[in-house]
Amino acid sequence: MTNRERFWRTVRFQEIDRLPFWSDWIGPFDRWRKEGMPADVDPYNFFGFEGLISAFWGRDRVPVNLGMYPGYKYELLEETDEYRIYRAGDGVITKAQKQVKGFPTYQWLEYPIKNRDDWEKFKEEQLNPDSSGRYPEESQWEALKKQWKDRDYPITIDGGSFYGFPRNWIGVNNISLMFYDEPDLMHEIIDYLADLFIKVLHKALHEIEIDFALFWEDMCYKSGPLISPAMFREFLLPNYKKVTSFLVEHGVELSWVDCDGNIEALLPLWIEGGVRGHYPLEVASGMDAGKLREEYGQEIVMWGNVDKRALARGKEAIDEEIERLAPVVAKGGFIPLVDHGVPDDISYENYCYYLERRKEITGYK
């Protein structure tokens with residue numbers, strides 16, 4: 001059975017020899033090399049992963065740019081021994097602390113879209129669907145098409161983002177107010193993005209047989225969504241339907257969404273909007289793959305939901321986590337992965353032990 005066949009049989013809840021052995025979002029490599037991982041290896045290949053699936057990066061992904069292009073030129077505005085303030089490629093004036101261990105933290109000071117005039121300028125300068133940089137140059141594109149023609153593994157393509165993109169350009173606080181104060185502008189922004197995504201995707205969907213599309217939102221926090229379900233229904237749902245219908249018409253029957261936090265309040269709306277797949281299902285935010293399977297049955301497919309905190313606590317905690325997820329794996333439609341990035345507090349020994357336990361419940365030999 002090929003990797004592509006395994007993937008499709010998994011998401012169709014059919015019998016398989018084993019699950020696809022996909023990569024987590026790894027990892028603290030400097031620490032792991034000090035603890036025994038060979039220094040001269042590519043971690044992805046070293047662990048034997050068969051796919052690194054993400055909304056906007058990863059392997060076996062069609063490199064089509066649905067976001068802003070060409071982006072802003074980096075501009076350093078202020079620097080001290082403690083921090084750096086700069087205009088980033090997304091146009092946001094950002095303050096970054098120096099000498100921070102682990103995942104960096106940032107403070108966003110100013111965003112490129114504050115009003116309608118800013119939106120009109122931003123749309124003209126950064127969101128032209130016909131920009132040449134949205135696809136690889138022609139010879140590379142033809143080579144990729146040839147490489148993928150007779151493949152035995154799945155490939156994915158970006159589906160876009162209706163909240164995450166504008167949130168990055170407007171800011172969480174600002175966009176929350178804009179939904180109330182300027183609903184016409186928010187409708188215009190989100191409607192425009194749907195049309196942009198369709199126009200950019202058109203070429204790829206006509207020239208390549210793509211397995212699934214992956215949207216990205218990150219529109220929820222620990223206790224729930226950053227906008228109400230009613231707002232999602234009004235502003236986002238029609239555009240999800242528009243884009244997923246277009247994808248289905250062009251042979252892409254499966255769409256996933258990458259959204260951190262607790263997504264339970266929005267999950268029925270994503271299903272209604274044509275999105276069946278969900279990742280990363282963060283345990284610290286109350287997400288439970290077993291509960292979701294009981295509630296939604298085969299309406300949804302999932303990956304993630306391995307509690308990253310268990311990997312840091314040691315082998316006993318890892319065993320408990322694997323035992324919690326084994327019944328969900330057995331029901332199909334679920335690929336267990338660490339529920340976001342693998343942080344620095346996870347040792348090389350613990351990560352290797354987790355992979356071995358994961359292989360046991362997914363049939364990997």
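In what order do the strands of the seven-stranded open sheet stand, and is their pairing parallel or antiparallel? In this predicted model, the order is S1-S6-S7-S10-S11-S12-S13, and the pairing is parallel. Residues are numbered from 1 along each chain as its sequence is written, and side-chain values use heavy atoms, with hydrogens and water left out. Because the model is predicted, local features need pLDDT of at least 70 and side-chain atom pairs count only at pLDDT 80 or more, whereas totals for chains, interfaces and linings use all residues.

Helices (H or I, at least four residues) and strands (E, at least two) are DSSP runs, numbered from the N terminus. Two strands are taken to pair if DSSP finds at least two bridges between them. In the seven-stranded sheet, the edges are held by strand S1 (61-62) and S13; each has a single partner strand, so one side of each is left without a neighbour in the sheet. Strand S10 (residues 254-259) is joined to strand S11 (residues 277-280) by four bridges in the parallel sense. Within this pair, Trp 256 has Gly 277 in S11 as its bridge partner. Helix H14 lies across strand S12 (301-306) and S13, and runs at about 175° to S13. For such angles, axes are lines fitted to C-alpha atoms, for helices over the stretch in contact, and values run from 0 to 180 degrees between N-to-C directions.

A further open sheet is formed by four strands in the order S2-S3-S4-S5, with antiparallel pairing. S2 and strand S5 (106-110) are its edge strands, each pairing on one side only. From one strand to the next, the twist averages 25°. Strand S2 (residues 75-79) and strand S3 (residues 83-87) pair over four bridges, and the hairpin that joins S2 to S3 passes through three residues. Here Glu 79 is placed opposite Arg 84 in S3. Four bridges also connect strand S4 (residues 93-97) with S5, and Thr 94 has Trp 108 in S5 as its bridge partner.

Lys 95 belongs to strand S4. Its relative accessibility of 21% makes Lys 95 partly exposed; the classes are buried, under 20% relative accessible area, exposed, over 50%, and partly exposed in between (1.4 Å probe, protein chains only). Contact is defined as heavy atoms within 4.5 Å. Leaving aside neighbours within four places in sequence, the contacts of Lys 95 include Tyr 83, Arg 84, Thr 105 and Gln 107. Between Lys 95 and Tyr 83, which are 12 residues apart in sequence, the C-alpha to C-alpha distance is 6.7 Å.

In helix H7 (residues 172-181), the buried residues are Ile 175, Met 178 and Phe 179. These residues lie on the same side of H7 because they cover an arc of only 100° around the axis, the arc being that of the directions from the helix axis to the C-beta atoms. Asn 173, Leu 177, Tyr 180 and Asp 181 are exposed on the face of H7 turned away from the buried side. The cover over the buried residues of H7 includes helix H6 (164-170), helix H8 (183-207) and helix H9 (229-249).

A nonpolar core is a set of buried Ala, Val, Leu, Ile, Met, Phe, Trp, Tyr and Cys residues joined through side-chain atoms within 4.5 Å. The largest such core has 94 residues, of which Phe 162, Met 219, Phe 232, Leu 236, Trp 270 and Tyr 351 touch the most other members. H8 gives the most to this core, with 13 residues. A second, separate core of 15 residues includes Trp 8, Ile 53, Phe 212 and Leu 337.

Asp 24 occurs in the loop between helix H1 (3-11) and helix H2 (29-34), and is buried at a relative accessible area of 1%. A polar contact is a pair of N or O atoms within 3.5 Å; within protein, one must be able to donate a hydrogen and the other to accept it, and residues adjacent in sequence count only if both atoms are side-chain atoms. The side chains of Asp 24 and Tyr 351 form a polar contact of 2.7 Å. The side chain of Asp 24 also reaches the backbone nitrogen of Val 338, at 2.7 Å.
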